[in-house]
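Here are my notes for you on this one. Keep the structure open while you read, and follow along point by point.

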Amino acid sequence: MNRTDRLYALVEELRAIAPRCRSARELAERFEVSVRTIERDITALQESGVPIYAEPGRKGGYAIDRKVSLPPLNFTPAEAVAIAVALSRAGDQPFGRQARSALRKVVAAMPGPEGELARELARRVLLARPRSEPGEEIRPLGGEGISRAIEEALLRRRVLRLDYADAKGALTTRDVEPGVFLGGRGGFWYLVGWCRLRDDVRVFRLDRIASATVTAERCPDRPLEGFATDVPEMVVHGTVLD
């Protein structure tokens, strides 16, 4: 890390913990430099107008004025997973490593229960590795509100009531326990869930779902692996938050 990057990172490190402080020794270990280097960097930042001050005492150190610290970003679990899905679909891209690092920071800043809920939701969003050429057309998610209903059902672990048309256009109404949201080959998205009409796991293509309603019934616990392995001829990978 060059000095310019380290100065910026120092400010961000102190901003993240404001109004608490970090000792010069802790900062030196964090950035793998000497205590003397940290002291020189802090002095340079203070001279440039950054409001860093020293807290005296055995547990003292350097702190930044909390007035310049940013408020916490209140990302919802669904928003965090949406970012992860976008990164997963993009594949290798400029600044991809930095984007994934930013996502890890978003999740780390979420309150404990929210972060765990985001991780659980992420486990239920799978992507198939495409065989087709890059730039393959992404198909519509289905009728208005379909994907939103599935997202809500996955997040709240609720049973869905679907009106679903098969390949021949025959329409049936089914109660489905949602398992995973799957991005598949050909640009289509699928819901993999336990179909109570068929008493088995089934794969539903979103553009064939005529309507989707979230019921008040909570889904029973079923092993996630049972949904993921039922997808035929697809090599899937999970949506990664960490």
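1. Start with V192: its bridge partner in β7 is V203. Keep in mind that this is a predicted model. On the other strand, V192 of β6 stands opposite V180.

2. Now zoom out to the strands themselves. β5 (residues 171-183) pairs with β6 in the antiparallel sense, over seven bridges. β6 also pairs with β7 (residues 200-205), again antiparallel, and here there are six bridges. As for β6 itself (residues 189-195), seven of its seven residues are buried.

3. How do you get from β6 to β7? The two form a hairpin with four residues between them. Have a look at D199 in that turn, which has a positive phi of about 55°.

4. In soluble globular proteins, nonpolar side chains tend to be buried together. The largest nonpolar core here has 22 residues, and those touching the most other members are I150, L160, L162, L191, F204, L206 and I209. The elements that give two or more residues to this core are α4 (77-90), α6 (112-123), α7 (146-156), β4 (158-165), β5, β6 and β8 (209-218). Which of them gives the most? That would be α7, with five residues.

5. Leaving aside neighbours within four places in sequence, F204 is in contact with L162, Y164, R174, V176, W189, Y190, L191, G193, C195 and I209.

6. Over to a pair of helices. Two packed helices are described by the angle between their axes and the distance between the axes. For α1 (residues 3-17) and α3 (residues 35-47), the axes come within 10 Å and cross at roughly 80°. An angle of 65 to 115 degrees counts as roughly perpendicular, so α1 is roughly perpendicular to α3.

7. Who makes that contact? From α1 it is R3, R6, L7, L10, V11 and L14, and from α3 it is T37, I38, R40, D41, I42, A44 and L45. Sorted by class, the contact of α1 with α3 has eight nonpolar, one polar and four charged residues.

8. Finally, the whole chain. The protein chain has eight helices and nine strands. Of its 242 residues, 38% are buried. Among contacts with a separation of 6 or more, 65% are between residues 24 or more positions apart.

Key. Residues numbered from 1 in each chain as written. Predicted model: local features only at pLDDT ≥ 70, side-chain atom pairs only at ≥ 80, totals over all residues. Heavy atoms only, no water. Buried < 20%, exposed > 50% of the residue type's maximum accessible area, 1.4 Å probe, protein only. Pairing = 2+ DSSP bridges. Core = buried A, V, L, I, M, F, W, Y, C linked by side-chain atoms within 4.5 Å. Contact = heavy atoms within 4.5 Å. Axes fitted to C-alpha atoms, helices over the stretch in contact; angles between N-to-C directions. Parallel < 35°, antiparallel > 145°, perpendicular 65-115°, else oblique. Nonpolar A, V, L, I, M, F, W, Y, C, P; charged D, E, K, R; others polar.
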